[in-house]
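Subject: Handover of a structure

Dear colleague,

I am passing on to you the structure shown below. Please look through it alongside the notes that come after it.

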Amino acid sequence: MTEPASARARYDVAVVGAGPAGLAAAVSAAEAGRRVVLVDSGEQPGGQYWRRPDDSAPRGPESLGQHDWPTFTDLRTRLRLLSSRQRITHLPRRQVWFVERPARAEVPSHTLHLTTAHVEAAADIAPRSVTADALILCPGGYDRQLPIQGWDLPGVMAAGGVQALLKAHRTLAGRRAVVAGTGPFLLPVAAGLARAGAEVVAVCEAGSITGWARHPLAAAAIPAKAREAVEHAAALARHRIPYRQRTAVTAIRGDEAVRSVELSRLDREGRIRGRAGSAEVDLVALGWGFTPSLELITATGAATRKDVDDSLVAVVDAEQRATAPGVYVAGEATGVGGAMLAVAEGALAGLTAARDQREQVSQADVRALRTRIARHRRFAAAMHTAHPVPPRWHEWLRPETTICRCEEVSHEQVRTARDDLGAGDARTVKLLARPGMGWCQGRVCGFAAAKLTAAAEGRELTAEDLRPTAKQSFTAPVPLEQLAETTQPG
């Protein structure tokens, strides 16, 4: 791809993503002496975890509903200082839509082509692509969803989306809610809704907190997590929100919008063992963990693997190097483990990239970060083991249940592609029945479709099942006009 030289810029290190990992990576590399560009789709730094109202029009205290806020304010202060000294160039409101790999293996620089659709005209002098000798990818992740009957009704939202509305806009997605799925993330979502004035009829945890008993040392290794859990439990008690274990929302009712949910009791494998009642609600917040965003990682040719929670994640070494030369990965893309793990990985990636470019870095800092990361990784593994996706979840589905909302593909159509047309893997199911072929390109339904294929064959999910929806030619939507300008001979 070619474009005018004036539209390009070159840096020592390019960091993609300004969430916890990306912020830490950018400031760490810049403080070590590298010239850094920080590319992010958001208007302001912080990512999804530290999402908040716009700085120019805050609605109440910035820290309302936030965790680890001092960590963010420290990183933001360092970012602003380094930006003022021209050590970091921050490019907000931009996405990387294409990664141009190095032309020669011995010169491992990558060129990132950036969207400009949301950039104001006055800022159009900024580059449309950046080239860097080192690439630190911190793309974060998004809510993992499992389809159930009625999940495509208005009023059904990802738990993260509900929380994003609260944090960024101080807006309630509904007045009477149920929060369901699995994992600790359900607790702050329920507490935030209740604090904002919603009635939360229940938190439905498909698993059981007794799963933590099998990993006492890992749980005790991060005392801050235990304090958070106590805070959330106190908030649920204060607002009289029932916490129902081994319970799931297995059907959602309504005509033009959500009206009620059907609750079921589950056994250890996730099989339905009986009804647990119903509830009238106008909001269903569903959360089954998170799926790392891997489009940029696969675009560089870096290797991936399956993690403890059945997510596809980037393969990295002990200092955050990916398998592609000059590429480093930090945060949820190496395995979902929370913001403080992401901060530590980002800081280590920044130091590693700087050291690989012959800058002097503190070996004591590197060792301390590696120790911190190991502790958080043990905690994350314990969390995923204690709150897995129910193995028999697919037994809740009905023939008419929608699997892919973009292409309106039903469970019956997926079954037909597999059983009648001979689709033996997730990629062939995608080609024949079209789940994952729509606007989201499998980001919402890809995990579920892969799980269904594996379950039908009576085997465990594999990385090969997950890879077809993780690889995209274009990693973000790009206007045809910009695509044409970029590909013109220059």
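The notes below go from the whole chain to single elements and residues.

Overall form

Please keep in mind that this is a predicted model. The chain contains 14 helices and 21 strands. Its C-alpha trace spans about 65 × 55 × 45 Å along the principal axes. For 490 residues, a compact globule would have a radius of gyration near 23 Å, and the value for the chain, 23 Å, agrees with this. Of the 490 residues, 54% count as buried. Among the contacts with a separation of 6 or more, 66% join residues 24 or more positions apart.

The accessible surface comes to about 21200 Å², and carbon and sulfur atoms make up 51% of it. The chain carries 61 positive and 53 negative charges, whose mean positions lie 5 Å apart.

Nonpolar cores

The largest nonpolar core has 74 residues, and the members that touch the most others are Leu-112, Ile-252, Val-261 and Val-284. Helix α12 (residues 446-456) supplies the largest share of this core, with five residues.

Leaving aside residues up to four places away in sequence, Val-284 touches Gly-155, Val-156, Met-157, Val-178, Ile-252, Val-258 and Val-261.

An enclosed helix

Helix α4 covers residues 186-195, and nine of its ten residues are buried, so the helix is largely enclosed by the rest of the structure. The buried residues are Leu-186, Leu-187, Pro-188, Val-189, Ala-190, Ala-191, Gly-192, Leu-193 and Ala-194. What do these buried residues of α4 pack against? Their partners are the helices α3 (159-169) and α6 (223-238), together with the strands β9 (176-181), β10 (199-205), β11 (243-245) and β15 (283-287). Just after α4, Gly-197 adopts a positive phi of about 110 degrees.

Helix α3, one of these partners, also contains His-169. This histidine is partly exposed, because its relative accessible area is 38%, a value between the limits of 20% and 50%. His-169 and Pro-53 are 116 residues apart in sequence, yet their C-alpha atoms are 5.9 Å apart in space.

A buried threonine

Is Thr-304 buried or exposed? Thr-304 has a relative accessible area of 11% and is therefore buried, given that the limit for buried residues is under 20%. Thr-304 belongs to strand β17 (residues 304-306). Beyond residues up to four places away in sequence, Thr-304 touches Leu-294, Ile-297, Thr-298, Leu-312, Val-313, Ala-314, Val-315 and Arg-467.

Two backbone exceptions

Most residues other than glycine have a negative phi. Two residues deserve a note against that background.

Gln-86 is not a glycine but has a positive phi of about 60 degrees. Gln-86 sits in the loop between α2 (69-84) and β3 (88-91), and its relative accessible area of 64% makes it exposed.

Arg-246, also a residue other than glycine, has a positive phi near 45 degrees. Arg-246 lies in the loop between β11 and β12 (247-253). With a relative accessible area of 23%, Arg-246 is partly exposed.

With kind regards

Definitions and conventions. Residues numbered from 1 in each chain as written. Predicted model: local features only at pLDDT ≥ 70, side-chain atom pairs only at ≥ 80, totals over all residues. Heavy atoms only, no water. Helix = DSSP H or I, 4+ residues; strand = E, 2+ residues; numbered from the N terminus. Buried < 20%, exposed > 50% of the residue type's maximum accessible area, 1.4 Å probe, protein only. Contact = heavy atoms within 4.5 Å. Rg over C-alpha atoms; globule rule 2.2 N^0.38 Å. Areas by Shrake-Rupley, 256 points an atom, 1.4 Å probe, with all protein chains shown as cover. Lys, Arg positive; Asp, Glu negative; His and termini not counted. Charge placed at Lys NZ, Arg CZ, Asp CG, Glu CD. Core = buried A, V, L, I, M, F, W, Y, C linked by side-chain atoms within 4.5 Å.
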